[in-house]
Amino acid sequence: MRFSLEKRDTPLVSGWSIVAMSVLAVLIGMALGGILFLPFEASPWEGYQSLIGNAFFSKRGFGYTLVTATPLMMVGFGTIVAWRCGFIFLGFEGCLLIGAMGGTMVGLGALEGGILSSTAPALVIAIALAWGATLGALWAGLVGELKIRFGGNEVLIALMMNFLAIYLVQYLVAGPWRVVGDMPQTERLPKDLWLPYIVSGTRLHAGFLVAIASGVVIWVVMAKSRAGFEMIASGLNPRSARYGGIQVAIRQRQAALIAGGLAGLAGAITIYGVHHRLLDGLSDGTGFVGIVTALLGRMSIPGTAIASVLYGGLSVGGDAMQRQTGLPSSIVLIVQASIVLLLLATEVLRTHRIVFSRKKKI
Amino acid sequence: MSYFKTSKVMLSTAAALMLGTASTANAETTVALVLPGSIADGGWNAGAYQGLQALKADGFDVAFSENVSQADIPAVVQGYADDGYDLVIGHGYQFGSLFAEISEEYPEQAFFATTSAPGNTEIPSNALYVEFRYTDAAYGMGALAALMSDGKAVGVVGGGDNPTTQGMAKAFVEAAEATKDGLKGYAIVTGDYNDAAKGREAASTMIGNGADVIWHTADITGIGAIEGASSQGAKVIGMFAEQTELAPSEMGTSLSANNAGLVQEVAKMVADGSFEGGGMWEPALGFSWLPLYGDTTYNTDLISEDTWAKFLEIWAKVDSGEIEPAS
């Protein structure tokens, strides 16, 4: 018995087939991960029960899932704009950190003695989010400019700029912004500067609504506006787009600014909704995982939103599973990674089918 | 508890009643341990995990999270608190200000961080911190090094250049010179916890100046110091964990942090209702720090029974406050 991949005449595009394949991928990932439970005498059944139950069927847990999904969604939406415009940007981690830094900068200015100390808290939060988004946009815009003007490689430049952002934040929290007598982190922002929690009994903050709103705006821009059409056309084939009268360079600049702005906003929201202070290691790979959720969501806004919530659930549920089973954290991470890998691999099954055949004797 | 004294305790009566009646039996007490590193690190985190396993054996309902990054710590801690764990233990300096900030939101649960209380915040009555008494411990090791020495000097290799390391270095030197007339105490603060080469170099420098016993207050740098000193024939004293394996025949003893004991003791306080937060718990030196040499306390080939008795006498005086390091 052997199997091979055979190209389908027409790719599977129906929603049900995608759901069915995704569920299958998750189940296979869980089954494979379950084998790793056995040496630790932990029950995979109980583990997965706590993973799914905590992430999606408990009010508080689902709140955490949506909180985790919020920055992933925004980075995912940014990925859609940039990548569909042909700007393969990998610098969301840096934009997120720069946005978080910008947001914190405003918040620290609103503390006693600061220039914004007499400003209404709601206005401070609004300024902070706007400033975070602006700095994120400029950070990505710089990469876009270097690519468009000088033909620089956006992948390399963006990756290197991620390091710049990481070390800039490290410097600030260990140096000038460090809270006296404590770890490398800034002072905690007062409670009236926190984004409000929108569902009682959970930590779901108003930033989630901002993420949803930004998704709607991006969907309208990409699917219903001339700008969106021109961006997508620029990404599909820049030469023919130029031939059609589209100013590809301008559209790519705009895409860079929007993508970076979304990631910067996500960073500022993380500060005001979750951490309430700037600290080292804040982004923890969110800028990259957001790209993965956009890919899992097949570069569509609803798909990315769903993939972000699923990934958020996997992360929150994974923590719960570790607490429940006492497994080493590495096993939980392996299970999470296996599920994501298999989900990405299902893309092949949309265009190919598996064919089993018996070995023929010659 | 007869062997510890509480200091700066600002316990409110209400909290005492709430915590006192929260649970009285081990089986009803749930304990969560949050670790910044791996349970298999053989040192700081592994010790606390051992304590948690011992609690499990005693019937406590326990859970843990390991390798939790600084950015994830608040979510993980709040996850346990929201799950209703009676005691949440944060193992390390990372939990200092966090517990002071969030414990008020969970007035019926207890929080214990194995670090000093943050200086700039008021500590809620359900958060407890621990004073490891590093300077007192260093004084004890200075005295032991002096008692072990047959030469004209002893030395300590310090890690990160911070007030704690500086204080320990001074206390070591003070104790060494006070314990044996004419003996010289050396201290080199390398400024780095994770540079074995620097530790080796510092130990060699002091041995070159006549030191024959080397102690350290650094992690990886300290391992370098032990290896450097032992390879040159000097006697060594380990620190933080049981380090006999690094130099079995040159090691006098290792002063290991009793993280397992701390975790167990605080859980028992919560179980029997005697938990008192609001400040720093100051356990006896002999509880926080355990001299270990394999399965015993010291290497009888290097330290005579008489010498050990002299050390224990000084150790007890430091513990009771009769001897107070000047630094």
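1. Buried here means under 20% relative accessible area, exposed means over 50%, and partly exposed lies in between, with a 1.4 Å probe and protein chains only. Six of the six residues of S7(B) are buried, so that the strand is mostly covered under this definition. In a regular strand, side chains alternate between the two faces of the sheet.

2. Basis of the note. The model is predicted, so local features need pLDDT of at least 70 and side-chain atom pairs count only at pLDDT 80 or more, whereas totals for chains, interfaces and linings use all residues. Residues are numbered from 1 along each chain as its sequence is written, chains are lettered from A and ligands numbered from 1 in the order in which they are written, and side-chain values use heavy atoms, leaving out hydrogens and water. Helices (H or I, at least four residues) and strands (E, at least two) are DSSP runs numbered from the N terminus.

3. The sheet of chain B. Six strands form an open sheet in the order S8-S7-S9-S10-S11-S13, with mixed pairing. Strands S8 (184–189) and S13 (289–292) stand at the edges with a single partner strand each, so one side of each is left without a neighbour in the sheet. Direction ignored, neighbouring strands are turned by 15 degrees against each other on average.

4. Pairing within the sheet. Two strands pair if DSSP finds at least two bridges between them. S7(B) and S8(B) pair in the parallel sense over six bridges, and B:Gly155 has B:Tyr186 as its bridge partner in S8(B). Strands S9 (residues 211–216) and S10 (residues 235–240) of chain B also pair in the parallel sense, over three bridges. There, the bridge partner of B:Val213 in S10(B) is B:Lys235.

5. Helices of chain B. Helix H5 (residues 134–148) of chain B lies across strands S7 (153–158), S9, S10, S11 (251–257) and S13 of that chain, and runs at about 165 degrees to S10(B). Axes are lines fitted to C-alpha atoms, for helices over the stretch in contact, and angles run from 0 to 180 degrees between N-to-C directions. Contact means heavy atoms within 4.5 Å. Helix H3 (residues 73–82) of chain B is mostly covered, with seven of its ten residues buried; among them are B:Ile73, B:Val76 and B:Tyr80. B:Gly84, which follows H3(B), has a positive phi near 90 degrees.

6. A helix pair in chain A. Two packed helices are described by the angle between their axes and the distance between the axes. For helix H4 (residues 92–109) and helix H5 (residues 121–150) of chain A, the axes come within 7 Å and cross at roughly 145 degrees. Residues making the contact include A:Gly94, A:Cys95 and A:Ile98 of H4(A), and A:Trp131, A:Gly132 and A:Trp139 of H5(A). By class, this contact has twelve nonpolar, six polar and no charged residues. Ala, Val, Leu, Ile, Met, Phe, Trp, Tyr, Cys and Pro count as nonpolar, Asp, Glu, Lys and Arg as charged, and the others, Gly among them, as polar.

7. Cysteines. The structure holds zero disulfides over all chains, a disulfide being a pair of cysteine sulfur atoms within 2.5 Å. The sulfur of A:Cys85 has its closest cysteine sulfur in A:Cys95, 15 Å away, which is too far for a bond. A:Cys85 is buried at 0% relative accessible area, and A:Cys95 also counts as buried at 0%.

8. Positive phi in chain A. A:Glu41, in the loop between helix H1 (15–37) and helix H2 (44–56), has a positive phi near 55 degrees and is not a glycine. A:Glu41 counts as exposed at 76% relative accessibility. A:His276, also not a glycine, has a positive phi of about 60 degrees. This histidine sits in the loop between helix H10 (248–275) and helix H11 (286–296), and is buried with a relative accessible area of 4%.

9. A loop glycine. A:Gly326 is found between helix H12 (301–325) and helix H13 (329–351) of chain A and is partly exposed, at 31% relative accessible area. Not counting residues up to four places away in sequence, A:Gly326 touches A:Met321 and B:Phe64. A:Gly326 and A:Ala42 are 284 residues apart in sequence, yet 7.8 Å apart in space, C-alpha to C-alpha.
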